[in-house]
Amino acid sequence: MSRSLPLRNVTVVITRPAGTAGPLARRVRKLGGIPVSVPGLSLRATEDATAVDAALRRALEGDVLVFTSPAAVRFAADVLPLATRAAVIAVGRGTARALKTASVADVRFPETSQDSEGVLALPELTAVAGKRVALVGAPGGRGLIREQLALRGALIEDIHVYHRVAPRIDRRHIDPLLKLGRRSAVLLSSAEALDHLRRALIAPAWRKLVQAVAVVSSDRLREIAVEAGFERVAVARSALPTDLLQAATEVSFTRR
């Protein structure tokens, strides 16, 4: 393996939502890899923009806002500026970066454990009884955060600024999968995306996919990937592109 091109001749399947794989694909190429985009999800703005606008305005005047993904930030910022005196929480570095891009300077996020447990351990969320806490994101997911904050006495409002839908998979996506060899990896950071792919791909393409090395963003997703049929799985430190690619560069692609 070349030190300067650690992914040389490795095909890297990117499962990010439709239209968002470009930056990650460029990183893969810089590392010598061959990027293939096969979206596991498609993201859509919530249709009732008036209701979202009203809910966000209430939240910005509340006590705490928790943004559950970078997409949540982007879709919310498309509705109105995110200026607020409330404490702003991001679930991880990627979401925190999106908030800073949206001109939210003071953002808290878990430095080490970038998951629901890490978010719940933040000081801003330990004493929330009677406080107005808004969870900004999409339906489904992050249920643990909502459940635990409710137990702590928070007054919770879910604000769904977007929703996830199954992607459109066609020959552009399937044909490259049918050509996957031993030197291939698939980057996975969403169980929902993996489930969509399992349902959408034709059987020969799915069989090729699960023969690749699954580079996953958590131990929980590792278990899901194994159950789905992947025999080789590497666990990254987080869902950040840098961590996923670092884990991919540490894989030995010579083993079957």
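Close-up 1. Arg 199 and Asp 195 form a salt bridge, with the closest N and O atoms 2.9 Å apart. A salt bridge here is a side-chain nitrogen of Lys or Arg within 4 Å of a carboxyl oxygen of Asp or Glu. The model is predicted: local features need pLDDT of at least 70, side-chain atom pairs count only at pLDDT 80 or more, and totals for chains, interfaces and linings use all residues. Residues are numbered from 1 along each chain as its sequence is written, and side-chain values use heavy atoms, with hydrogens and water left out. Arg 199 and Asp 195 sit 4 residues apart in helix H8, so about one helical turn separates them. Helices (H or I, at least four residues) and strands (E, at least two) are DSSP runs, numbered from the N terminus. Asp 195 also bridges to Arg 198, at 3.7 Å between the closest N and O atoms. Arg 199 is exposed at 67% relative accessible area. Asp 195 is partly exposed at 26%. Buried means under 20% relative accessible area, exposed over 50%, and partly exposed in between (1.4 Å probe, protein chains only).

Close-up 2. The side chains of Arg 57 and Asp 53 meet at 2.6 Å, N to O. They are 4 residues apart in helix H2 (residues 49–60), hence separated by about one helical turn. Arg 57 is partly exposed, at 46% relative accessible area. The structure holds 11 salt bridges.

**Close-up 3. Stacked rings of Phe 75 and Tyr 162.** A search of the whole structure finds 2 aromatic pairs. Rings of Phe, Tyr and Trp (its six-membered ring) pair if their centres lie within 6.5 Å; planes under 30 degrees apart count as stacked, over 60 as edge-to-face and the rest as tilted. The Phe 75 and Tyr 162 centres are 5.1 Å apart and their planes at 15 degrees, so this pair is stacked. Phe 75 lies in helix H3 (residues 70–79) and Tyr 162 in strand E9 (residues 162–165), so the pair ties together parts 87 residues apart in sequence. Both residues are buried.

**Close-up 4. Edge-to-face rings of Trp 206 and Phe 230.** The ring centres of Trp 206 and Phe 230 lie 6.3 Å apart, with planes at 75 degrees, so the pair is edge-to-face. Trp 206 is in helix H9 (residues 203–210). Phe 230 is in the loop between helix H10 (219–228) and strand E12 (233–235). Trp 206 and Phe 230 are both buried.
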